[in-house]
Amino acid sequence: MYKGMNFGGMNMQSLMKQAQKMQADMQAQAEKAEEELENAVITGTSGGGMVEVTCTGKKQITGIKIKPEIVDPDDIEMLEDLVMAATNEALNKATEMEKSLKPELPGGLGF
């Protein structure tokens, strides 16, 4: 039925092969991006580096370091705020990394 149909000089079989190649290329790019995100080490800091939070590009927290001199038993709220700020910075960086590795496709289709 479609055999011999011509679309701007290309037949249906040729169009299908190109579409399949594009799909395979996009899948390979998505897999590479996922691997990069899993292996990424992203750091967020606060308090001038007194609190440091690390996470992966997949937004999994992998470590929290707090310098002893910032710990004030009379001001736990400040320490909580610093940990939260460092965590949010690390997660925001991970989000930006994800956006840069997984750009939106035309028509709003993403990976």
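The questions and answers below concern a predicted model.

Visitor: In what pattern do the elements follow one another along the sequence of the protein?

Guide: In this predicted model, the protein has two helices and five strands. Read along the sequence, these elements give the pattern β-β-α-β-β-β-α.

Visitor: What percentage of the residues in the protein is buried?

Guide: A residue counts as buried when its relative accessible area is under 20%. The protein has 111 residues, and the buried share of them is 21%.

Visitor: What share of the accessible surface belongs to carbon and sulfur atoms?

Guide: The accessible surface of the protein amounts to about 8000 Å². Of this area, the part belonging to carbon and sulfur atoms is 55%.

Visitor: Among contacts with a separation of 6 or more, what percentage joins residues 24 or more positions apart?

Guide: Contact here means heavy atoms within 4.5 Å. Of the contacts in the protein with a separation of 6 or more, the share from residues 24 or more positions apart is 48%.

Visitor: Is Ser-46 buried or exposed?

Guide: Ser-46 has its place in strand 3, which covers residues 42-46. Leaving aside residues up to four places away in sequence, Ser-46 touches Val-51, Leu-82, Val-83, Ala-85 and Ala-86. Its relative accessible area is 9%, and because the limit is under 20%, Ser-46 is classed as buried.

Visitor: How many salt bridges are counted?

Guide: Side chains of opposite charge can pair when their charged atoms come close. The rule requires a side-chain nitrogen of Lys or Arg within 4 Å of a carboxyl oxygen of Asp or Glu. By this rule, the number of salt bridges is five.

Visitor: How far apart are the closest N and O atoms of Glu-34 and Lys-58?

Guide: Glu-34 is partly exposed, with a relative accessible area of 22%, and Lys-58 is partly exposed as well, with 37%. The two form a salt bridge, and their closest N and O atoms are separated by 2.3 Å. Glu-34 lies in helix 1 and Lys-58 in the loop between strand 4 and strand 5, so the pair ties together parts whose separation in sequence is 24 residues. The distance asked for is 2.3 Å.

Visitor: How many residues apart in sequence are the parts that Glu-98 and Lys-59 tie together?

Guide: The side chains of Glu-98 and Lys-59 meet in a salt bridge with an N to O distance of 3.4 Å. Because Glu-98 lies in helix 2 and Lys-59 in the loop between strand 4 and strand 5, the parts tied together have a separation in sequence of 39 residues.

Visitor: What phi does Lys-59 have?

Guide: Most residues other than glycine have a negative phi. Lys-59 lies in the loop between strand 4 (51-55) and strand 5 (61-66), and is partly exposed at 34% relative accessible area. Although Lys-59 is not a glycine, its phi is positive, at about 65 degrees.

Visitor: What is the area of the nonpolar surface patch that includes Ile-66?

Guide: Ile-66 lies in strand 5 and is partly exposed, with a relative accessible area of 36%. The patch is made by Ile-61, Ile-64, Ile-66 and Val-71, and its area is about 320 Å².

Visitor: Which charge characterises the surface patch that contains Asp-81?

Guide: Asp-81 is found in helix 2 (residues 76-101) and counts as partly exposed at 40% relative accessibility. The patch gathers Asp-72, Asp-74, Asp-75, Glu-77, Glu-80 and Asp-81. Asp and Glu count as negative, and the charge of this patch is negative.

Visitor: What distance separates the C-alpha atoms of Met-78 and Gly-47?

Guide: Met-78 is found in helix 2 and is partly exposed, with a relative accessible area of 31%. Along the chain, Met-78 and Gly-47 are 31 residues apart, and the separation of their C-alpha atoms is 9.7 Å.

Key:
Residues numbered from 1 in each chain as written. Predicted model: local features only at pLDDT ≥ 70, side-chain atom pairs only at ≥ 80, totals over all residues. Heavy atoms only, no water. Patch = residues over 30% accessible without salt bridge, like charges linked within 9 Å, V, L, I, M, F, W, Y side chains within 5 Å. Areas by Shrake-Rupley, 256 points an atom, 1.4 Å probe, with all protein chains shown as cover. Charge placed at Lys NZ, Arg CZ, Asp CG, Glu CD. Helix = DSSP H or I, 4+ residues; strand = E, 2+ residues; numbered from the N terminus. Buried < 20%, exposed > 50% of the residue type's maximum accessible area, 1.4 Å probe, protein only.
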